[in-house]
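This briefing covers the architecture of the structure shown here, the contact between its domains and the contact between its chains.

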Amino acid sequence: MNELEEKTEDVSMDAVEDGQKEEQKAEGDSGLGMGVLFFLVAFVVCFLSCWLLFPKVLYSEKSQPFNFNHRLHVEETGDCESCHSFRDDGSFAGIPKISKCLECHDEQQGDTKDEAFFIKNYASKDKEVPWFIYSKQPDCVFFSHAAHVKAAGMDCKTCHGDIGDSTKCKPYEENRITGYSRDIWGKSIWGIKKHSWDRMKMDDCAQCHEKETGEKGSCFQCHK
Amino acid sequence: MKVDRRSFLGLGLGAVAGVTVSPLPWKLIDDVSIWTQNWPWTPVPPDGEVTYDNTVCTLCPGHCGISVRKINGRPVKIEGRKGYPINDGGVCLHGLSSLQYLYDPARVKQPLMKKGKVWEKISWKDAITLVTGKLAELRKKQSPDRLACITDTDKGTISGLFERFLKAFGSNNFYTISSMDKTWEKTFKMMHHSGSSPGFDLKNSDFILSFGCGFIEGWGSPVHNFKINSAWKENKAKFVQIEPRLSHTAAKADMWIPVKPGTDADLALGMCCEIISKDLYDTSYISGFTKGFNDFSNMVKKNYTPEKVSKTTGVPASKIKELALKFAKAKTPVAIAGKGRGYKAGSMKEFTAVHALNCLAGNINKKGGVWTMPFMEYGNWPAINMDSVASAGVSKPVIGESGSVAALFEKINASKKSPVDLLFVYQSNPCFTMHDVKAVEKAVEKIPFIVSFSSVMDETAEKADIILPSHMFLERYEDVPGAFGLVEEVTGLCVPVAGPVFNTKNPGDSILMIAKALKGSVASSFPWENYHACLEKITGDIWDKLSGDGYLRKDANLPYLRPDADFSFAAQNTESVKMEGSEGSFPLILVPVDNMRLFSGVFASSPFAVKTVSDTIIKKRDILVELNPVTAKKIGLSHGDYAMIATPKGTAKVKVHIFEGIMPGVVGMDEGLGHTAENIFIKDKGVNVNELVGPVIDTGSGLDAAWGIRAKLSKV
C-alpha cells in the first residue's frame, strides 16, 4: 500500500469512528433523559405519597365513646375548671371522673341522644367513660397544670385551642407506633403551626418558655 | 428513547430523594424515639388522684400508725403516719413493704378444705356448715372442753371474740403465744401487783442497761425504739448492751459487755450485790415501799458477789462493780430484759433480777423510770349466756398446766389420744415460731380437726383441715389496743384501705358466722349483726374518737398502781434456765439471733425484706452461722465452709461466717429463715433455728424460756 492509500484509509476510518461517537452521543442523551424522567416521576410519587398517604397509614382513626358538646357545658358551667378541676393537693384532675359528671347528671338534663347514651351506659352504672385523651403526653413527660394555669396565669386555650367552643368530638387519631394522639405532633405532618395550640411537642414548650422566661429550661424540669 | 439501567438509577434516586424531602423520615425518627422511651410492654402505673388513708400496721406488736398512699383508690405505697403517738411518721422495712403481703401468691384466696393431701375449694357457706357440724358434735358428746384455740394475743375485739366463743362453747383452752410481755407481766405480778405490766420511760432515761434486748432489732415497738435511740444520742444518755455477740444494738451502744450466754441473771444479781454492799440503793424507796429486801440482800451477798459472778459470766469483777456504780449513780437509770425482739418468753429469775436493779435505784413510777401500768380497762362485753354444757366445760381445767401453748403441745404429745379434738388457729404459726418444730408438728398432726383462720398458706395452715381465710390487716377493721412497754395508752384502729383482694373475710365475721350457725346459747352470746357492729358496740364511748382520729391516746392521769415492790421471789434464788444437751457431746452453744431485716413472727418476711438481708446471713439458699475465729480454727473451719450443726433436737447443713464479734464457743444463727410452706419468695431459704432448739420450761413462770441449746459443728 502507498502512502496516499494509507492516508485515505485513515480518513475513512476516522469518519467511521466519528459517526459511531455521534450515534453514541445521541443515544446517551436519550438515556439520561429517561433517567431524569424516571427520577422526577419517582420523586413526585414518593414525595406526594409520603406527604399525603403516610399520615393515613401512621394514624388509626378512633371515635370517642359518644359525642360531647363542650360549648353547651361551658355555657352551663361558665368555665373550664368546673369540670377540669384542680385537686386539693394542687394536682390537675384532667378529664373528670364519672363522679364529677354525676354531680349534675344523676338524671338526664337534656334530650340529646348522646346524653341518653351516657346516662344508660355509664352514669346509671357508675362506670368511667373510656375517653381518648387528645393531649395525653408520653409517660416520660412531667407537666404541672398548676404551675402554668395557677402560677403563670395561662389561659387553657394557649395549649388546648378552641376545644371549649366545640360542639362535637373530632375523631381521635392514634399514632400506631407511639400510641399517642396526633394532636401532640399536630395536624400538619410537616409540623407547621399557625397557633400556639397546633402542636404540643417539646420544642413548642421550649419556644414558649424561651419567650416568657428567657430560657428554654432544663431537661429535668419535665423529664424527671 | 430506551429504558436502561440509568432509568432505574434515576427511579431509585428519585424515590430516595422524594422520601427524604418528605416528612416521613423525620416523623418516623421522632415516633421511634418516643416508642423506645416508652416501651409499650413496660408497665406504667395509672395516673390519678392521690389520696392517703390512715390505718395501723399489725404485722408486729409495735402497732405503728401508717399512711397508705393511693392513686385512684389503689394503694401504691406505705408511709409512717405523722403525728401518730407510737411512731410519729417513722416506719420499718416490713411495714413499708406490707403491700407485698396484700398480693402475695401465698395468700389463701378462698375457703379451702383438705381431702387427703389435696386442698379443694369450698364455698363459705359449706365451710361454715362443716366447721359448725364438727363443733356441734363436740357439744353433743358433752365435751366442749376438747376445743382449743391459739392466737397471738388476747387483746382487741377479734381475739376477744375467739376467747368469748370458747367460753360460750364451754372451753377454757384459749392460748396465746408466749413472748417477753408475758414474762414481764408475771414478773410484775410477783414484784408489784397482778394485772399490771411495765411502762418504760426510756426516752427520759439517762442510763439504760439492756440485758440482750435487740433494741434496734425489733424489741418492743421497733420504730418507737428507733426514735428513742436517736433521742438518746442527742440527750447524751448512756446505753449499755449485755449479750454474747456484737449485735447491731451492741455496736451502736456506748458500752458492750459480752457475757456468757444464759448468765444475764447472775450478772444482774452481781450488780445488785455491789449496789447493796456499797449502800448505793435508794434507801427511802427500799424502806418505804418494799418487802423481802433483807432476804434478797442476804441472798445476793451470799451467792452473787462480783467475784463469784465474774466466774459464771466471764465479765471481770471490776467491770461488774463499775457498771453497778454507774447504774446506781445515774439520775434516771432503767434496766430492761427480753432477748432479741422479745418474741420468746424469758426466765423469771432473769427478769426479776433485772427489775430488782430498777427497784434498788428507786426509779419506780418516776420520770425516766419504770411505771407500774395496770392492764388497760377495755371493751364493754356483755355477759355470756352459758348453757349447762358450757358451764360444765369451763369448770374443767385448762389443758397443759401453765396454760401456755408449749404446755398444750407437750400434753398432746404425752397423751395417747389428743385431749384436743378441734383446734382454732388464728394469727399464729406455731409450726414455725415455736421451739422444737418437729414436736409441735407431731402434736398438731395428732389433733383430729384443725380450723385455720390464716391469710396465707403458712406452715400451720398447711397442716389444717379447713382454712377460713382472713382479710390481711390492710383489708379489715380491727381495734389495736396498746403496745408493750409504753408509758401511755394508745389504742389504734385498723381500717380497710384496700380490697379485699380475694374471697376472704374479717376473722371477726367468720367467728360470728360460726357462732350464729351453732344456734342456742352460743348464738345468743353473739348478738351483733356483723363484726363492724360488734366493734362499734364493744369500743363504746371511744368509738367516735377511734373512728374519727384513727387512734385514742391517753398519756396523762393514767391510773398507775402504787410503786410497792416485793423482793420475795427474787430472794428465792430459783434455778436458772439451763440449756439442753451435755457439754461432752455438744461443746458449743447455739443462740438464736434476731435481725431487724428478717421477720421472725407470724408472717414470713416479704420479698423486699429478704432482698435486704446481708450475704453473711443468707447466701443463695444457705444460711450462715456466726462463729468466732478461735472456735473455727479449733474445728478447722474457714469462712464460707459448709458445716453440719447438730443439737439434741436435730441437724442441719449450714455455712460458716467467721465473726470476731461473737464470743468463742458460741454459734449465732438467725431467726426467720427456713420456711417450708409454699411461698415462692422464701421457701427453703436457710434453716429454721427453732428446729434445732428445744423448749425448756422455766419453773418460775411455767413458760418456755429456752434461750439456746448445746451444739456441735463438724466440717462437711
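Domain bounds, as used below, come from an automatic or database domain assignment. On that basis, chain A of this predicted model is divided into domain 1, residues 3-61, and domain 2, residues 132-222.

**Contact between the domains of chain A**
- Domain 1 of chain A contributes 7 residues to the contact, and domain 2 of chain A likewise contributes 7 residues.
- On the side of domain 1 that touches domain 2, helix H1 (3-58) and strand E1 (59-62) of chain A each supply at least two residues.
- H1(A) gives the most to this side of domain 1, with 4 residues.
- By class, the residues on this side of domain 1 comprise 5 nonpolar, 1 polar and 1 charged.

**Contact between chains A and B**
- The contact between the chains involves 30 residues of chain B and 34 residues of chain A.
- Helix H1 (5-20) and helix H2 (24-37) of chain B are the elements that give two or more residues to the side of chain B touching chain A.
- H1(B) gives the most to that side, with 11 residues.
- The side of chain B that touches chain A holds 17 nonpolar, 7 polar and 6 charged residues.

**Overall fold of chain A**
- Chain A contains 9 helices and 2 strands, and its elements follow the order α-β-α-α-α-α-α-β-α-α-α from the N terminus on.
- Of the 224 residues in chain A, 11% are buried.
- Among the contacts in chain A with a separation of 6 or more, 64% join residues 24 or more positions apart.

Technical notes: Residues are numbered from 1 along each chain as its sequence is written. Chains are lettered from A and ligands numbered from 1 in the order in which they are written. This is a predicted model: local features need pLDDT of at least 70, side-chain atom pairs count only at pLDDT 80 or more; totals for chains, interfaces and linings use all residues. Two residues are in contact if their C-beta atoms, placed from the backbone, lie within 7 Å. Ala, Val, Leu, Ile, Met, Phe, Trp, Tyr, Cys and Pro count as nonpolar, Asp, Glu, Lys and Arg as charged, and the others, Gly among them, as polar. A residue is buried if 20 or more other C-beta atoms lie within 10 Å of its own, exposed if 12 or fewer, and partly exposed in between; C-beta atoms are placed from the backbone.
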